[in-house]
Amino acid sequence: MSDLRFDQRVAIVTGAGGGLGRSHALLLASRGARVVVNDLGGSATGGGKSSAAADRVVEEIKKAGGEAVANYDSVEDGAKIVQTALDTWGRLDIVVNNAGILRDTSFQKMTQEDWELIYRIHVLGSFRVTHAAWNHLRDAGYGRIVFTASAAGIYGNFGQANYSMAKLGLLGLSNTLAIEGRKKNVLVNTIAPIAGSRLTETVLPKELVDALKPEFVSPLVAYLCHESCEETGGLYEVGGGFMGKLRWERSEGHCFKLSKLVTPDAVAAKWSAIAGFEKTTHPTDITASMQPILGNLGTAKSKGGGNELIDVDEALGFELPPVTSSYDERDLALYALGVGAGQNPLDGKELGLVYENWGDGFHALGSFAVVPALNAIMSLAKQGKQAPGLNYGLERILHGEQYTEIRKPLPPRAKLTHKARIKDIFDKGKHALVVTEIKTLDESGEELAVNELTAFVRGAGGWGGERGPSAEVNVPPDRAPDAVVTEKTSPGQALLYRLSGDWNPLHADPGFAKAFGFERPILHGLCTFGYATRHVIANFAGGDPRLFKSIKVRFADTVFPGETIVTEMWKESDTRIVFRCKVAERDRVALSNAAIELFSEIPRPKAAEPAATAPAAAPAGEIHAADIFLTLRQYIADHPELVGKVGTVFQFKFAEPPGAWALDLKNGAGAVTEGTVGGADVTLELADADFVGMAMGKLNPQKLYFGGKLKISGNVMASQKLDFLTKIDPAELQKAAVKAGRIPGSTPGGAPAAGPPAAGGSQASMSAAIFGGIKGYVEAHPELAGKVGTVFQFKLSEPESAWAIDLKNGGGTVISGAVEKPDVTLSLSDSDFVAMCTGQADPQKLYFGGKLKLSGNVMAAQKLDFLKKIDPAEVAKAMTSKKPAAPAATAAPPAAPKEAKSPAIFKALEERLAKNPKLAAEVGKLVQFAVSSPDRSWVVDLRSGAGAVREGTDAQAAATFRIDDEDLAVLAKDPQKAKDLFMHGKLRVDGDIRLAHKLGFLNGL
Amino acid sequence: MGRRVNVIGVGMTKFAKPGASDDYHVMASAAGRAALEDAGVAFSEIEQAYAGYVYGDSTCGQRAVYELGLTGIPVFNVNNNCSTGSTALMLARQAVEGGLCECVIAIGFEKMEKGALGSKFTDRTNPVERHALVMSEVQGFTQAPPAAQMFGGAGREYQWKHGTKRETFAKISEKARKHAAKNPYAIFNQPLTVDEVLASDPVYDPLTRYQCCPPTCGAAAAVLCSDDFAKKHGIAKPVYIAAQAMTTDLPSSFEPKSMIKMVGYDMAAGAAKKVYEKAGLGPQDVQVVELHDCFTANELLTYEALGLCKEGEAEKFIWDGDNTYGGKFVTNPSGGLLSKGHPLGATGLAQCTELVWQLRGQAGDRQVPSAHVALQHNLGLGGACVVTMYRRD
């Protein structure tokens, strides 16, 4: 490595008569620099003057062969020192500000002179020398300047207040000169040396001073002064062999909102962020230093305001993390009991709220939608997950108002996701209102309900914010109510209601209630809310809870369990009922400003789906990939073993219409997600319809692949694990499609049973066709009517329809729609009905599985056995003839027994052999065909004569061909396919396989 | 023509079910130590080591070899699917034959998981993708283990062509079990009848469960040296490698789409042809064969690929007993992959071990009488096929 040289460079070193200065001068000179050795020759404390010190150093330099000149001026006459350099060598390159003195004394003893002298020598002196040199350096476009600071300045040191001031003052000077000089290649740095010079003798022990030789400092000075060094604006601690650079570190700090008054209390509250160094930055210039301030400017614009209890800016619009929950029939029934349903266990309308097998249908009381949503908020609160900026405790809040709306009747069981956000914050003067909106989504992501919970926050208002709507809503009109229901609650009502999830001891614990100033535990406001819902439904919705749409109430006063609720109702329109609830015993209004809205008709499942799953372009009446994935969700839940078995993450990407779904059968309990996921093992790209075909077993993935219709990337082998797709019940797929609104259900009172199918090409439900078949059967068997003697009413769902089989009156018939006096009513899903009729499902099992509900004469249901006696073929025939031409991709009809193809094929073979006796001789063997689904066996004896065909088996067969009926048809069409079928395992041969090469005799049958 | 390469020491562990074995480095070093002892050579004299395994992180070879000594020699980790063991053997042979080394060791080992082979790396192209595509075109994919579908499909194709009975495939398993019953190193020692084989769970027709080799853990090793080295160590009449060849897939593996060719028939036939030419000997000169019977179907195909019988005559060859003691050849006296087991990386060297024992007359109850020329066939899908002929003068 070459030496760093300073040839031709001219350097000024102030205070170079001894110590650090002398060392700097000697080192620079030894490397070729011409040095102005400046030293006033004074004492360490600034007294006296002598030329001896500087001369000695110049002598030393010259002796060593270097060039140097002495200067005896004070640094306060800096210009003269600079002039010496210019006079001697005509140039200046380097300035080392080193001269200094000490006037150490504790601050209380420090005199003004102590202060000023230190200032003059260090600060003013450095300024004078540097200032005189500055323009020469700038003009020359080259300069290196070093200032000498001290640890005393950086950290402070007892007895050196003046010196500390001066030393850090130089750092400030250096920092700015570094910026100003950079463009002209004048680089400026500062060192904080520690060395055993005459200045440090007074503050450090002798031994240490001896160890700290100036020679350990000078090399850094020389390097900073060298032309190869591009550092500027740096600060270095150096001495005793150590060299290190310092920089500023700043805590991440805290930004207070500019829109709000910042109080000392706020500073104290944020102290750990302001003064903590967990997160830090290292600003290097003013711009970086300003960064957080610039970033905080935006907060000045806010108009929300707030106070220490409520910060509107922070809280408003905040979205709480989603919460999932689920409920089932038990939860619905418990809730209904909690709000007073079922007091008359013989009242069918109310039974439908609490008895899951009720024949007229089990339906949720719509106001239940508030329960899971509120429970979700409570569970978040328990985990400490609250919106930021809402800094009040539960003790300040009262449930002021509640709005609950459902999008469609709640299903009997559901898995829910609740998404809450702070919707509104109102300043009511003394108090505040905080409105939390909770959207509840079902498993398919469809919105099921929305709740608005208005919390009344005591003493939290007064920041001058928005007051919110002030008009009184839902005020009862000035007339007598259109209906009044008076219902006494049970003394244990609150104990029952709380089991739905509001565990507040205020509603159960007498001591707790007393502490809150109540004589005994109070009824939940939301319990009264449920009572009111029941009352309105009973009076204005014909008792059908499915017509309930929304409820809005204000909680005005408490009700004690056992008191009597009087609900006064005013009908504003067919779908809007204003009401209030009073406590009869005390004539107090408990619920005010209240209204319930009803649906004008029961909402059907919505067709609206995200674009990816059902774009507008998608023709109705078809099953889509999305339906399959929605079905798969359930399927996977029912078949957890798949995850272990398959162990693969499939990514599907669809075209026509575009979409993406991922099927994770590798992790956890498995998952079906819309969109793309990371870490898929295999990605399959294909058209939506092709996927449907594949999943329904109608299209072969391999064929799609080789036809270029399926692209596989990733682990190709993993795609073979997709077989399980074909095991999904087609009926389930159809259900999913119906749910998604793509396959319309037949409506009650729609197409007559034996009439033509619904117009417009839309597919009638399978059940309609079956009833058509049954009608044919019933009319063909008039004796049934006498034997069975029952009128069966069927209420089918998904899609909904109603049919009656009358085997009591006249010759018996089948009627579309509802009849007046059925003996028994059977409620079940369309697909379960189809399964029942095709022998795939047992009515008893459906009943005990809760899938078939009976009302009326339950025993009469046992007479349904006749359904089984109907020839499936007849039903199938009826179904085929009644079913409009369905697009290829629709659900496969639940397996109606197929008509065997083998008899026709073998009959034709028999005829062919008779016509062409030579055929037999070409084979010369007895073979048999074991045909499956439907199972038939055929013997083809080609050993002699013209050959013979007969049904049955023969132990002497040279070969047995085992084949599916469908595949036999394929084989007969083209015997060349034999090898292909054999390789695919669809043709199994026992015995002489080569006889399979000679199946030409089947050609074209 | 390079130098003659001698196999002076062989050794192996008793093959075991997954979960019932030692860790790989313990098995591998046990096999290596046995081979060194058999050769009478100290590990310090070994100049290079070739370590074969399929499943494991990188440098398992070193970990295993370090158990024998830290001599700082080069260790090469070898991975070539089911032909890994004989690939390591081939590299070892080349080092000695080419004059680079005097004495080297090849060690193969495998610690397998339960269940059928699958793919470990699912974020990248599967190496047997092209093979799988042939299969899917010819016969589709099913849920069966992929390897069983491939070899089973090849069996189907052979059946279709030659009318072969299911019993014929099963007969191979029966023979394998009979041979393995006399091999203390084998995983299965219980004999099976043809009926029992046929009655086992169907895997992929014509293959049943007992016609598929089991996942196995084990290790085997061989010490190879030059004539000079053998002489110096006073090793008289060592077994030597008369010829060896490796082939990889040819266009015929993929086109025309034939399952038989896809699973490596032409690779095997090509490697065998080279070996016969180089050795100046034909199949008629061979007495004992260790061949790659991962599935019964492949043993049947390999009879023809190696020229042990004519094309289309494998069925007769089997029923005539020409594949066992008293017949024309004894194939897989060790029990083969089917019954001795198939620890992927070890198999090629376990075959070598068996044949060296046979040629030295050390095979005990399963000794093939007057064996002096032996043939080894080791196949990996993906693909590679190594055929080796051993002699002892």
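Which are the buried residues of H15(A)?

A: The buried residues of H15(A) are Val370(A), Val371(A), Pro372(A), Ala373(A), Leu374(A), Ala376(A) and Ile377(A). Buried means that 20 or more other C-beta atoms lie within 10 Å of a residue's own; exposed means 12 or fewer, partly exposed is in between, and the C-beta atoms are placed from the backbone. Helices (H or I, at least four residues) and strands (E, at least two) are DSSP runs, numbered from the N terminus.

This is a predicted model: local features need pLDDT of at least 70, side-chain atom pairs count only at pLDDT 80 or more, and totals for chains, interfaces and linings use all residues. Residues are numbered from 1 along each chain as its sequence is written, while chains are lettered from A and ligands numbered from 1 in the order in which they are written.

Stay with H15 for a moment. It covers residues 370-382 of chain A, 13 residues in total. The expected span of a helix is 1.5 Å times one less than its number of residues. For H15(A) that gives 18 Å, and its end C-alpha atoms are 18 Å apart, so the two agree. After the helix comes Gly384(A), with a positive phi near 80°.

Now the chain around it. Chain A has 33 helices and 35 strands. Of its 1005 residues, 44% are buried. Two residues are in contact if their C-beta atoms, placed from the backbone, lie within 7 Å. Take the contacts in chain A between residues at least 6 apart in sequence: 70% of them join residues at least 24 apart.

Phe691(A) shows a link across the sequence. It sits in helix H21 (residues 688-695) of chain A. Phe691(A) counts as buried because it has 28 C-beta neighbours inside 10 Å. Leaving out residues up to four places away in sequence, Phe691(A) touches Ala625(A), Phe652(A), Phe654(A) and Leu686(A). His624(A) is 67 residues away along the chain, yet the two C-alpha atoms are separated by 8.4 Å.

Next, a sheet in chain A. Eight strands form an open sheet in the order E3-E2-E1-E4-E5-E6-E7-E8, with mixed pairing. Two strands pair if DSSP finds at least two bridges between them. Strands E3 (67-71) and E8 (242-246) of chain A are the edges, each pairing on one side only. Neighbouring strands of this sheet are turned by 20° against each other on average, direction ignored. Inside it, E6 (residues 186-193) and E7 (residues 235-239) of chain A run parallel, joined by 4 bridges. Ile191(A) has Tyr236(A) in E7(A) as its bridge partner. Helix H6 (residues 161-181) of chain A packs on the sheet and touches strand E5 (143-148), E6 and E7 of chain A. The direction of H6(A) makes about 160° with that of E6(A). Axes are lines fitted to C-alpha atoms, for helices over the stretch in contact, and angles run from 0 to 180 degrees between N-to-C directions.

Asn185(A) lies in the loop between H6 and E6 of chain A. Its phi is positive, about 60°, although it is not a glycine. Asn185(A) is partly exposed, because 16 other C-beta atoms lie within 10 Å. Most residues other than glycine have a negative phi, and most peptide bonds are trans. A cis bond joins Ser933(A) and Pro934(A), with omega about -5°. Pro934(A) is in the loop between strands E31 (926-932) and E32 (936-941) of chain A.

Chain B has its own sheet. Ten strands form an open sheet in the order E3-E2-E4-E7-E1-E8-E12-E11-E9-E10 (chain B), again with mixed pairing. Strands E8 (residues 239-247) and E12 (residues 384-391) of chain B run antiparallel and share 7 bridges. Met246(B) stands opposite Val386(B) in E12(B). Helix H10 (residues 265-279) of chain B lies across E8, E11 (373-380) and E12 of chain B, at about 140° to E8(B).

Last, where the chains meet. The contact takes 22 residues from chain B and 20 residues from chain A. On the chain B side, helices H4 (129-139) and H5 (146-162) each supply at least two residues.
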